[in-house]
Amino acid sequence: MSPSQILVSIGAKSEGVISSRELEQLSAEEREALKVGAEIPVYVINPEDDNGNVILSFRRAQEQISWENVEKMLEEDRTYDSDIVGFNKGGLIVLVGGLRGFVPSSQISATRRAQSSGDTPEQRWQKNDRTADLRSHR
């Protein structure tokens, strides 16, 4: 490990590299998981760069795992509870395992819509103490 890159043993003739540019984009919690000897998921972005290195992405691997988890929830018709992290004219933005999800206002329960009054999205959705109850729909 160095400030400019992380070398990851991927079982190939050379190590894979996670670049400093990607490291800068990771949260403190994500960087904390990157310790010498730790096993982490990685995604191969480029099997060989100009220097013969395999270019890897930790973030992209996490995103892929999140999509697989969301697809599994959809197949199992599971309910997912999430905090509301934002809103727009059409509904609510929630986090679903590292992915941003959108809940159209038409999918928000009638009870919750009745509790949310106002003419603008800010007036209707700005209360931070709400959580969204999501059910997967096909």
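I am working with a predicted model, in which local features need pLDDT of at least 70, side-chain atom pairs count only at pLDDT 80 or more, and totals for chains, interfaces and linings use all residues. Residues are numbered from 1 along each chain as its sequence is written, and side-chain values use heavy atoms, with hydrogens and water left out.

**Helix 3.** I looked up its length: helix 3 covers residues 58-76, 19 residues in total, and spans 27 Å from first to last C-alpha. That is close to the expected 27 Å, taken as 1.5 Å times one less than the number of residues. Helices here are DSSP runs of H or I with at least four residues, and strands are runs of E with at least two, numbered from the N terminus.

**Its buried residues.** I found F58, A61, S66 and M73 buried in helix 3 (buried means under 20% relative accessible area, with a 1.4 Å probe and protein chains only). They lie on the same side of helix 3 because they cover an arc of only 140° around the axis, judged by the directions from the axis to the C-beta atoms.

**Its two ends.** I checked S57, which lies in strand 4 (residues 54-57). S57 is buried, with a relative accessible area of 4%. At the start of helix 3, a side-chain oxygen of S57 comes within 2.9 Å of the backbone nitrogen of R60. After helix 3 comes D77, with a positive phi near 55°.

**Pocket lining.** For the second largest pocket I noted 14 lining residues, with I6, L7, V8, K35 and A38 nearest its centre. A pocket is an open set of points on a 1 Å grid over the protein atoms alone, where a 1.4 Å probe fits, with protein on both sides within 12 Å along at least five of seven lines; lining residues have an atom within 4 Å of a point.

Key: Buried means under 20% relative accessible area, exposed over 50%, partly exposed in between (1.4 Å probe, protein chains only). A polar contact is a pair of N or O atoms within 3.5 Å; within protein, one must be able to donate a hydrogen and the other to accept it, and residues adjacent in sequence count only if both atoms are side-chain atoms.
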